[in-house]
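Here's a quick tour of a protein model, written for someone who likes to see the cut-offs next to the values. Have the viewer open while you read.

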Amino acid sequence: MSTQDSSIGARIGTFGREAVQNGWTRERFTLLGLIGMVLVGLGPSFQVYLFTEFLIIALFALAFNLLYGYTGLLSFGHALFFAGGSYGLAIVMRDLQPLVADAVGSGVAPLVTFVVGGIVGVLLVVLIAIPVGWLSVRLEEIYFALITLAFGMLGFSLIVQNPGGLTNGTDGVLVLLGLVELGGMEFRLGDRRVYYYLTLAVVLASTYALWRIVNSPFGTICKSIRESPDRAAALGVDVRHHRWMTFILSAFFVGVAGVLIAGLASVASPYHSHWTQSATAVVATVIGGATFFAGPIVGAFIYLYVRWGISRFPALEAHWEFFFGVMLIVTVLYFKQGAVGGLVMLHAWLLEVQAVYERDGAGAAASFVSESVSNKLRSVGDRLTSTGQGDAADGGGKQ
C-alpha cells in the first residue's frame, strides 16, 4: 500500500465508499439523526429543556466558528450579539404584543409577535455588527480579540444601565410566550416540547445555511484568509472587506441563537452579553474542534452534558471549574483537533486494526493493538518528561 493510500484522508474516503456500498449513505444517516431528534421531544421534560439549550449553544458555537475556525479571528465579544437577539425579541413582545393582537387577533398574536420580535432582534444584531465589525477587522490576532471583548463589555455595561427604561437593568426583560389558537388547535408556545420543535426547525435551517456558506466560494476564501492573509491578498482578495462580511454573517446567526435563548429562558438577561457567555462558544469550539464543521456541535454537547453530569453531584458541583480546566488542558495538549479530530484518528486506527486482522489474523491484530498503545503511552511519557526537563532548565536559568 502506498503512502498516499495509507493516509487518513484516503482511509476515510475508502470508508465512505464502503458505507455507500453497504447502504449507509449520508442521506440515511441524516434521516436517522432527524428521527432521533424528533423522538427526543417525547422524552422527560427536563431532558427536552436541556437538549433545547444544547441546540441553541451549538448554533451559537457554529456561528462563532465561522469567524474563528474558518477565518482565523478569535472574538471574545460575540455575546453582545447573543444579547442583541434576546433583547430585540423581549422588547417587542413586551411593548408591541397588544398592537399585534389588535391587528391580527388575539389567537395568533403570541406567534406573530414572536416572529416579528425574532426578525427585529436579528436586524438589531446586524445593525450593531456593521460598525463593530468595521472597526474590529482593522486589527488582528490578540488585538482583535481584545477590541471585541471591549465592545462586548461596553454592551453589558449599557444594558445594565437601563437606557430609556428599555432593558430593565440587571433584572432583564421577561419573555412570556402565550397561548396560540391556530386552525382550530390550541397550544402554548412556551411549552417545552412545542418550543423544542420550534428551536429544532430554526437550528436545522440555520445549520444548513452555515454549511452552505462554508462550502461555497465565499467559504473557500475564508479558509485562504485563515491560512495566509498575505497570500490571499496577493491573489486579489480584499481581506479586510471579506473579514467584515464574515463578521456580520457570524453575528447574524449568533443573533438567531440569542432570540431562541430568550424564549427558552423566558427572560432577556444582561448576562447574555457578559464575556463569560462568549467564553462558552470558545470553549465548546475548542473542545469539539475548530477545523471541523461539526466540531462546535460536538463540543457544545460535551460542554453542556458534562456540566449537567457534574451538577448531579454536589461535592463536584462546588469545583466544576476545576474539572473543565482539566478537560481543556487535556484537549489542548493531546487532542489539538478537538474531540472530532480524536474520533477521526480513532476511526483511522480501527481501520488499520481491521486490515491487520483480515490480512494476518487475530494474533497479529492483538500484537498491533498492544504495540500501538505502548507507543502512544511512550510518546506521552516522553512529552511529559521533556516538559519537566524544560521547566527545570528554566528554573535553573532563573536561579
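What follows covers a pocket, a hairpin, the salt bridges and some aromatic pairs.

First, the ground rules: this is a predicted model, where local features need pLDDT of at least 70 and side-chain atom pairs count only at pLDDT 80 or more, while totals for chains, interfaces and linings use all residues. Residues are numbered from 1 along each chain as its sequence is written, and side-chain values use heavy atoms, with hydrogens and water left out.

**The pocket**

Let's start with the second largest pocket, which has a volume of about 710 Å³. A pocket here is an open set of points on a 1 Å grid over the protein atoms alone, where a 1.4 Å probe fits, with protein on both sides within 12 Å along at least five of seven lines. Its volume is the space filled by probe spheres set on the points, which are joined across faces, edges and corners.

The lining of the second largest pocket counts 26 residues, with Gln277, Thr280, Tyr303, Arg307 and Trp320 nearest the centre. Two or more lining residues come from each of helix 3 (45–68), helix 11 (239–265), helix 12 (275–288), helix 13 (295–311) and helix 15 (320–334). Helix 12 contributes the most, six residues. Lining residues have an atom within 4 Å of a point, and helices are DSSP runs (H or I, at least four residues) numbered from the N terminus. Sorted by class, the lining holds 17 nonpolar, six polar and three charged residues; nonpolar covers Ala, Val, Leu, Ile, Met, Phe, Trp, Tyr, Cys and Pro, charged covers Asp, Glu, Lys and Arg, and the others, Gly among them, are polar.

Strand 2 (residues 179–182) and strand 3 (residues 185–188) run antiparallel and are joined by four bridges. Strands are E runs of at least two residues in DSSP, and two of them pair if DSSP finds at least two bridges between them. Leucine 182 has methionine 185 of strand 3 as its bridge partner. Two residues sit between the strands, and glycine 183 takes a positive phi near 60 degrees in this hairpin.

**Salt bridges**

The count is three salt bridges, each being a side-chain nitrogen of Lys or Arg within 4 Å of a carboxyl oxygen of Asp or Glu.

| Pair | Closest N and O atoms |
|---|---|
| Arginine 94 and aspartate 95 | 2.9 Å |
| Glutamate 227 and arginine 226 | 3.0 Å |
| Glutamate 140 and arginine 243 | 3.2 Å |

Glutamate 140 lies in the loop between helix 6 (109–136) and helix 7 (141–160) and arginine 243 in helix 11, so this pair ties together parts 103 residues apart in sequence. Is arginine 243 buried or exposed? At 5% relative accessibility, arginine 243 counts as buried, and glutamate 140 is partly exposed at 42%. Buried means under 20% relative accessible area, exposed over 50%, and partly exposed in between (1.4 Å probe, protein chains only). Glutamate 227, at 59%, counts as exposed.

**Aromatic pairs**

There are 14 aromatic pairs. One of them, phenylalanine 54 with phenylalanine 301, is edge-to-face, at 5.4 Å centre to centre and 85 degrees between the planes. Phenylalanine 54 is in helix 3 and phenylalanine 301 in helix 13, so the pair links parts that are 247 residues apart in sequence. Rings of Phe, Tyr and Trp (its six-membered ring) pair if their centres lie within 6.5 Å; planes under 30 degrees apart are stacked, over 60 edge-to-face and the rest tilted. Phenylalanine 54 is buried at 6%, and phenylalanine 301 is partly exposed at 37%. Both belong to one aromatic cluster formed by Phe51, Phe54, Tyr196, Tyr197, Phe301, Tyr305 and Trp308.
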